[in-house]
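Here is a short report for someone meeting this protein for the first time. Take a look at the model, then read on.

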Amino acid sequence: MSLVIAPSILAADFTRLGDQVLDAERGGADWIHLDVMDGHFVPNISFGPPIISALRPVTSLPFDTHLMIEDPDTYLDAFRSAGADLITVHAEVCRHLHRTLNRIHELGAKAGVAINPATPASAVAPVLPDIDLILVMSVNPGFGGQQFIPLTLEKIAEVRRMVISSGRTIRIEVDGGIDVANAGPCVRAGADTLVAGTSIFRQRDLRAAIAGMRSAAELRVTA
């Protein structure tokens, strides 16, 4: 499965958000990652469907929408209508996870499940037949710019083994503190999709930042 780099706009300059998304696309991004926070499930508030809707005409890149919210079921239709191509919900908040994932698919989007650092990989095992992506959080969600938690690598490897055993094609995404130093180890452990905010949008040259991360990941994989 080809490597995907998904810059997170949480670290972008919000005074010129459309231009930043275009810069990321021109710089070689594969997806655009959208971190949606509600101030309840995580201690921060970011943005909602109106921002996603406003950005949708700017780019044709897939919108990878990560819902860090307590009641995702109420808002699935709104996020899909706004332009979300892939919708990821947290295992920690969904009482009826199968139902939530089925609804995402009914809306025509791909479905993902995210797990926090303290949540075991086994939390996704019951829904492997129902998902297109597993998001392994490598920081506790809520804020950008945090340090990568090294134990995440073991969880990525465990998730990869589960996916291989399932026989399904499921992307393994990692999000939190991703940079050129840990991109390679993450991919070598089993990740194929890297979310990066600060290490891309806070750099002067987005093209160089994206290319550097892709190169670091591919180099460490083959080393």
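Predicted model: local features only at pLDDT ≥ 70, side-chain atom pairs only at ≥ 80, totals over all residues.

## The whole protein

The secondary structure comes to eight helices and eight strands. The radius of gyration is 16 Å, close to the 17 Å that the globule rule gives for 223 residues, so the protein is as compact as a globular protein of that length. The C-alpha trace spans about 45 × 40 × 30 Å along its principal axes. Of the 223 residues, 54% count as buried.

Contacts reach across the sequence. Take those with a separation of 6 or more: residues 24 or more positions apart account for 65% of them.

Strand E6 covers residues 133-137. Five of its five residues are buried, so the strand is largely enclosed by the rest of the structure. Leu133, Leu135 and Met137 point one way from E6. Ile134 and Val136 point the other way.

E6 pairs with strand E5 (residues 110-115) in the parallel sense, over four bridges. Here valine 113 has isoleucine 134 of E6 as its bridge partner. E6 also pairs with E7, again in the parallel sense, over five bridges. E6, H5 and E7 together make a right-handed β-α-β unit.

Strand E8 covers residues 193-196. Thr193 and Val195 point one way, Leu194 and Ala196 the other way, and all are buried.

E8 pairs with strand E1 (residues 4-7) in the parallel sense over four bridges. Proline 7 has alanine 196 as its bridge partner in E8. Strand E7 (residues 171-175) and E8 are parallel too, with three bridges. In E8, valine 195 stands opposite aspartate 175. From E7 the chain crosses through helix H6 (residues 183-189) to E8, and this β-α-β crossover is right-handed.

## The nonpolar cores

In soluble globular proteins, nonpolar side chains tend to be buried together. In this model the largest nonpolar core has 65 residues. Ile9, Ile87, Val89, Leu101, Ile134 and Leu194 touch the most other members. A second, separate core has 10 residues, including Val4, Trp31, Ala114 and Leu133.

What does leucine 101 contact, leaving aside its neighbours within four places in sequence? Its contacts are Val89, Ala111, Gly112, Val113, Val127, Asp130 and Ile131.

| Residue | Relative accessible area | Class |
|---|---|---|
| Histidine 33 | 0% | buried |
| Methionine 162 | 17% | buried |
| Tyrosine 75 | 41% | partly exposed |

Histidine 33 is found in strand E2 (residues 32-37). Why does histidine 33 count as buried? Its relative accessible area is 0%, and buried means under 20%. Its side chain makes a polar contact of 2.9 Å with the side chain of aspartate 35. Not counting residues up to four places away in sequence, histidine 33 touches Ala6, Pro7, Ser8, Ile9, Asp64, His66, Glu173, Asp175 and Val195. Some of these names have come up before.

Methionine 162 is found in helix H5 (residues 152-166). At 17% relative accessible area, methionine 162 is buried. Which residues does methionine 162 touch, not counting those up to four places away in sequence? They are Ala121, Ser122, Val124, Ala125 and Leu128. Phenylalanine 148 is 14 residues from methionine 162 in sequence and 23 Å away in space, C-alpha to C-alpha.

Tyrosine 75 has its place in the loop between strand E3 (63-68) and helix H3 (76-82). Tyrosine 75 counts as partly exposed because its relative accessibility is 41%, and that class lies between 20% and 50%. Arginine 26 is 49 residues from tyrosine 75 in sequence and 31 Å from it in space, C-alpha to C-alpha.

How values were computed
Residues numbered from 1 in each chain as written. Heavy atoms only, no water. Helix = DSSP H or I, 4+ residues; strand = E, 2+ residues; numbered from the N terminus. Buried < 20%, exposed > 50% of the residue type's maximum accessible area, 1.4 Å probe, protein only. Polar contact = N/O pair within 3.5 Å; in protein donor to acceptor, adjacent residues only side chain to side chain. Contact = heavy atoms within 4.5 Å. Core = buried A, V, L, I, M, F, W, Y, C linked by side-chain atoms within 4.5 Å. Pairing = 2+ DSSP bridges. Right-handed = clockwise from strand over helix to strand, strands pointing away. Rg over C-alpha atoms; globule rule 2.2 N^0.38 Å.
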